[in-house]
Amino acid sequence: MCGIIGYVGSRGDPSEVLMAGLSTLEYRGYDSAGIAVGNGSLQIEKREGELEALEKAVSTKSFSGSVGIGHTRWSTHGPPSDRNSHPHTDESNSVAVVHNGIIENYQELRDELQTEGVIFSSDTDSEVVPHLVAKNLKAGDDPERAFQRAVDRLEGSYALACVIEGEDAIFAAREDSPLVLGIGEEGYYLASDVPAFLEYTRDVVYLDDGEFVTLTEDDYIVSKDGHRVEKDVKTVEWSAEQTGKSGYDHFMLKEIHEQPTSLRQCLSGRVDELAGHITVEELTDLETPRSVQFVACGTSYHAAMYAAALLRDGGIPATAYLASEYATANPPIPDDTLVVGITQSGETADTMSALRDANSRGAETLALTNVVGSSAARECDHVLYIRAGPEIGVAATKTFSSQLIGATLLVENLLEETADRELIGALRDLPSNVQAILDNSNAEAVVDDFLESNAFFFIGRGTHFPVALEGALKFKEITYEHAEGFAAGELKHGPLALVTEHTPVFAVVTGNGENAHKTISNIKEVEARDAPVVVVTDGQSDAARYADAVLEIPETHEQMAPLLANVQLQLVAYHMANRLGRSIDKPRNLAKSVTVE
Amino acid sequence: MNVTSAVVLAAGEGQRLRPLTKHRPKPMLPAAGRPILEHVLDAIIDAGITDLHLVVGYKHERVQDYFGATYRGHSLTYHHQHKQLGSGHALLQAESAIDADFLVVNGDQLISHHTVSEVVDAHSVADVATLAVVESDDAPQYGGVRMQDDHIIELVEKPHSSEYRLLNAGIYAFAPSFFAEVEDTARFDGELSLTDTLSNLIEQNELVRGVRTEGIWRDATYPWDLISLAKTLLVRPGSIAAPVVDENVYVNEDAIVHDDATLHGPVVVGADSVIGPQAVVGPDTAIGQNVSIDAGAVVSTSVVDDDTRIGPNATLVECVTGQGVSIDAGTTIPGGTADVRINTTVHEDVSLGGVVADRTHLGGGTTLTSGVLIGPNATIHPGSRVKTNIGEDAEVSN
C-alpha cells in the first residue's frame with residue numbers, strides 16, 4: 001500500500017533521488033513520508049501529511065552520503081503521525097527500515113522484544129524490524145546476516161529496505177510485496193514500483209518472493225536461502241515523463257483522454273480485419289477450458305463481471321468472484337477450470353492470494369494485467385497484457401477500458417467459433433468512438449444541476465450492470481458523495497425506497513431490444529418518484545424521452561456499448577469531483593495499488 | 001548565439017481550414033501521416049533546441065493527448081491561452097518560463113531545421129528580434145516583408161500587393177526584453193499580434209534582423225492544401241515516420257496490406273491500417289492510422305485521416321477526409337477542378353474532389369460533385385448525389 005525507494009551511488013546527495021522517487025510514488029499512499037540517509041551516522045527526516053511537508057523539511061537541511069532509503073505511507077496500523085511514519089529505527093538510531101506490507105506476527109515479536117527491555121516508539125508493525133536487526137547486530141552478526149536473520153523471523157507480506165550506521169549498503173528483502181531494482185550509471189536504485197526511478201534508469205531487475213538483495217556502490221547481490229541468484233536485467237519501455245500530467249490539471253482527466261491511444265495499443269496487432277480473426281500471441285497455448293472463474297477487486301471486478309457475462313453468452317460456464325471473498329466462498333474448482341485474475345497492477349494482494357489458492361488447488365491460472373513483470377504476470381500460467389501504459393490517478397479509468405477489451409480478446413480466444421465481422425469492425429472503430437465522446441460530451445454541464453443532490457444511483461441491465469456499478473464506484477471514490485449502482489430490475493425490490501427528487505438516477509440504455517425496453521420501464525419507475533434521470537444512450541431507443549438530460553454515445557456493437565457508456569460516466573465523476581473541489585488524483589483513504597489483504 | 005528554449009504557438013484554430021478544424025487545431029491536422037506540429041517540433045529539435053514550450057488553446061486536449069509530456073525524449077511544457085487573442089497574447093502565456101534569448105515558431109507551418117539554425121545563428125546578444133524571411137509568390141497573402149541589408153524595414157500583414165516578394169516565415173529569435181515590448185503594444189480589435197510589436201520596433205528604429213533563407217516553408221491555408229503538404233513531404237527525405245518498402249512507398253510495421261493490393265508511390269500507410277485485395281492506393285496519397293480501405297477501392301492524390309473506413313470499390317481522387325469518416329461501398333469522389341465555396345468566398349479552379357470532415361458517413365453509392373465540403377458528423381444516405389456543401393450534423397437523402 002505504501003511506496004519504497006532506495007539509492008546507493010555516487011550522486012553525492014541521495015535525498016534528491018529519494019524525494020524525486022517519493023513524488024512519483026506518492027499515489028500509492030500519502031498520509032506520511034520519510035527518508036533516511038547514511039553517511040557514517042544516519043540522518044532521518046519524516047513528516048505526517050502529504051509529501052510537501054517532508055519536502056519543506058528536507059529543503060532546509062543538507063544531506064550527503066552514498067546511501068539512502070525513503071517511504072510514503074498509507075495507514076494500516078496506527079494513525080498517521082510523525083512518529084508512525086517510516087523510516088523506523090532501533091533505539092540508538094543506528095538501524096533504519098522502510099517497510100511495505102503487513103507483518104502478521106508483529107504482536108508476538110513486539111512482546112518478545114519488549115520483554116527484553118526494548119522500548120518501542122511507534123504503533124506500527126514495521127518497527128519490530130529495526131529492533132530485531134539491532135538485536136542481531138549486538139549478538140555479533142555482520143550487517144547482512146543481522147538483516148537476513150531478522151527477516152527470517154517475519155511472517156506476512158513485506159518489501160523491506162534497511163540501512164545501518166557505518167555501512168554504505170542497502171539491505172532489502174521481498175515477500176508478497178513488490179520490489180524492483182534499478183541498474184543505473186550513477187548507482188543502484190530500489191523501489192516498490194518502476195516509475196520511482198525511471199528518471200535515472202530503465203534497466204531493472206524484478207525481485208522474487210523470498211529473495212534478499214544487498215546493494216553497494218559497486219555491485220548488487222541477490223540471494224535466496226543463502227545462495228546467490230543470477231537475475232535477468234530487463235529494460236522497461238515506459239518513460240518517466242509518461243507519468244507527467246501533460247498539461248492537464250489532473251492525471252485522471254489526462255488518463256480519460258488517453259483512452260483512444262491506450263485502446264489502440266491494446267488492440268494493435270491482435271485484430272486482423274482482412275483475415276477476420278482475433279489472436280492474442282501470448283495465449284496461443286491456452287486451451288479452451290470447461291469453465292472459468294474470475295477473481296478481482298474493485299474496478300477490476302466490474303471488468304470480471306463483464307468478461308464472465310460474455311463467456312456465459314458464448315456457452316462457457318463462468319463466474320466472477322470478489323477476490324477477497326474467494327477463499328471464504330470457497331467455490332469448488334471443477335476439472336479443466338481456468339481461473340483468471342484481473343488486476344491492473346498485478347500486485348493486488350487479495351487477487352494474488354485468490355490466484356495462489358486456485359493454483360495450489362490445481363487450476364490453470366491466467367493474469368489479465370497492465371504491468372509487465374508484476375507478481376500476477378510471473379506467477380500465473382498465462383498472462384494477457386492490456387497495454388494501457390502507466391496509470392497514476394487512483395481512480396482507474398483507461399485501465400478499466402483496456403480491461404474490458406482485454407476481456408473481449410480473451411473471450412474471443414476461448415470461444416471456438418470465429419469472431420463475428422461486426423465485432424471486429426466495432427473493435428477497430430473503438431478509438432474513434434471514444435474520441436467522439438471526448439470531443440462532444442456534455443457531462444460537465446449535466447453535473448452542474450446536481451451539486452446539491454443527496455445521493456446518486458446508477459442502473460443498467462446485462463453487461464450494463466457492471467457499468468452501473470463502475471459508474472457508482474468511480475463517482476463515490478472521487479466525489480465522496482453517496483453513490484450506488486444497481487441492476488435496473490432490482491430497483492423495485494428495495495432501493496426504490498431511497499429514490500427522491502434529490503437523488504439523480506443515471507441509467508445506461510443502448511440498443512432497442514428487450515433489455516432497453518425493460519430498463520426504460522425502470523426509468524419510468526424512478527421518474528414517477530420525481531428523481532432527475534440522466535440517460536446514457538446511443539439513441540436507438542426512445543429512452544431520451546424520459547430523461548432530464550442525455551449523455552450520448554455512438555451506436556456500436558452491443559458488446560462495445562458498455563465501454564463507451566463508461567467513458568461518459570468517468571467524465572460525470574470527474575467533473576462532479578472537480579466542481580466539489582475534491583482531491584481527484586488522490587482521494588482520501590484510498591491508494592492506487594492495494595497490496596495488503 | 002546559443003538558444004536553448006523554444007516557444008511553439010499552437011493555440012489557433014485555423015478557421016479557413018474548417019470544417020476539418022471542428023475537433024482539433026490546425027497544428028494537429030495531418031501532413032503525410034503526422035500532425036503538422038510534429039514536423040515543427042522535429043525541425044526545432046534537429047536544430048539542437050530541446051527546452052520545448054507549447055502554447056495551446058483551441059481544442060488543446062488534442063495536442064496534449066497526442067504528444068503527452070514528452071517528444072523524442074524532451075519534456076514538453078504546456079502553456080494555456082484560454083482566449084485566442086492573437087499571437088502576441090499567446091506568446092505572453094509562456095513568459096514566466098523564459099529567462100534567456102529564445103526561439104518562437106508557429107506550430108502550424110512546415111519549416112526546415114536549417115532555417116531554425118540560421119535564425120538562431122544570426123541572432124546576437126545585442127538583438128531584440130530576428131526573423132526568418134522567405135522569398136515566395138505567396139508573400140502578398142502572408143506577412144509581407146521589405147528588407148535593407150540584414151534588417152527589416154517594413155512588415156505588413158497580408159499586403160495583397162505583388163510588390164512584396166518576401167514573407168515573414170514565422171520563425172523568430174527574441175531577447176527576453178521582447179516580452180515587455182509585446183505587453184506595451186496596443187491591442188488592435190482586442191487582439192495582440194506579434195507582428196504589430198515587430199512593426200512598432202521597426203518604427204522606433206530598433207534593429208529587427210532579417211535572415212534570408214532557402215529552407216522549405218509550407219503553409220496549409222485551405223483544406224485542399226493538405227494534399228500538397230503530403231505531396232511535398234512524401235518526396236522529402238526524413239519526413240515520413242513509417243519504414244520505406246519501395247521507392248517513396250512507406251508502410252508502417254503494424255499495417256496490413258493484402259498481397260493483391262497495389263501501392264503507387266509516393267504513398268504512406270499508417271499504423272494498424274488495412275488495405276484490401278485489388279485496392280489501389282496512391283500516388284501522392286497519405287493514409288493515417290487504423291484506416292480500412294476495402295477490396296477494389298481506389299484512392300489517389302488524397303489525404304485519408306485516422307480511423308476512416310473506405311468501402312469496397314469506392315473511388316477517391318483529390319479527396320481530404322477527416323478522422324473517423326465512413327465512406328461506403330461504391331461511393332465516387334471523382335476529383336477535378338472546381339470552384340470551391342467557403343462561407344461566402346468562392347475559390348476558383350481548385351483541384352479538389354471533396355472534403356469529408358470528421359465522422360461523416362457517406363452511404364453506399366454516393367456521388368460527390370467535385371469541390372464540395374461535407375460535415376463534420378453529417379449523414380449522407382445511400383445513392384445520394386451531393387452537389388453543394390453540406391454542413392455539420394446535416395442529414396441528406398436524395
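**A walk through the sheet, its helices and the contacts**

Let's start in chain A with helix H8 (residues 298–313), which lies across strand S18 (291–296), strand S19 and strand S20 (337–343) of chain A. H8 runs at about 170° to S19(A). Keep in mind as you look around that this is a predicted model.

What are those strands part of? They belong to an open sheet of five strands in chain A, and if you read across it the order is S19-S18-S20-S21-S22, with parallel pairing. As a bit of background, strands of a sheet pair through backbone hydrogen bonds, and they can do so in a parallel or an antiparallel way. Which strands sit at the edges here? Those are S19 (318–322) and S22 (382–385) of chain A, each of which pairs on one side only. On average, neighbouring strands of this sheet are turned by 20° against each other, ignoring direction.

Now zoom in on the S22 end. Strand S21 (residues 364–369) of chain A runs parallel to S22(A), and four bridges join the two. If you'd like one pair to look for, find Leu368(A): its bridge partner in S22(A) is Leu384(A).

Another helix to find is H12(A), which lies across S20, S21 and S22 of chain A and runs at about 145° to S21(A). H12 (residues 398–414) of chain A also meets helix H7 (residues 259–267) of chain A: their axes come within 10 Å and cross at roughly 30°. Because angles under 35 degrees count as roughly parallel, H7(A) is roughly parallel to H12(A). The crossing of these two helices, H7(A) and H12(A), is right-handed. Who makes the contact? From H7(A) come Gln259(A), Ser262(A), Leu263(A), Cys266(A) and Leu267(A), while H12(A) brings Lys398(A), Ser401(A), Ser402(A), Ile405(A) and Gly406(A). Sorted by class, the residues of this contact are four nonpolar, five polar and one charged.

Time to step back to the two chains. Chain B and chain A touch, with 23 residues from chain B and 23 residues from chain A in the contact. On chain B's side, helix H2 (60–67) and strand S6 (74–80) each supply at least two residues, and H2(B) gives the most, with four residues. That side of chain B has five nonpolar, twelve polar and six charged residues.

Finally, look at chain B by itself. Its domain assignment gives domain 1 (5–219) and domain 2 (225–396), and 30 Å separate the centres of these two domains. Their contact takes 14 residues from domain 1 of chain B and 25 residues from domain 2 of chain B. Domain 1's side of that contact has seven nonpolar, three polar and four charged residues.

Key:
Residues numbered from 1 in each chain as written. Chains lettered and ligands numbered in written order. Predicted model: local features only at pLDDT ≥ 70, side-chain atom pairs only at ≥ 80, totals over all residues. Domains from an automatic or database assignment. Contact = placed C-beta atoms within 7 Å. Nonpolar A, V, L, I, M, F, W, Y, C, P; charged D, E, K, R; others polar. Axes fitted to C-alpha atoms, helices over the stretch in contact; angles between N-to-C directions. Parallel < 35°, antiparallel > 145°, perpendicular 65-115°, else oblique. Left-handed = near helix turned anticlockwise from the far one by under 90°. Pairing = 2+ DSSP bridges.
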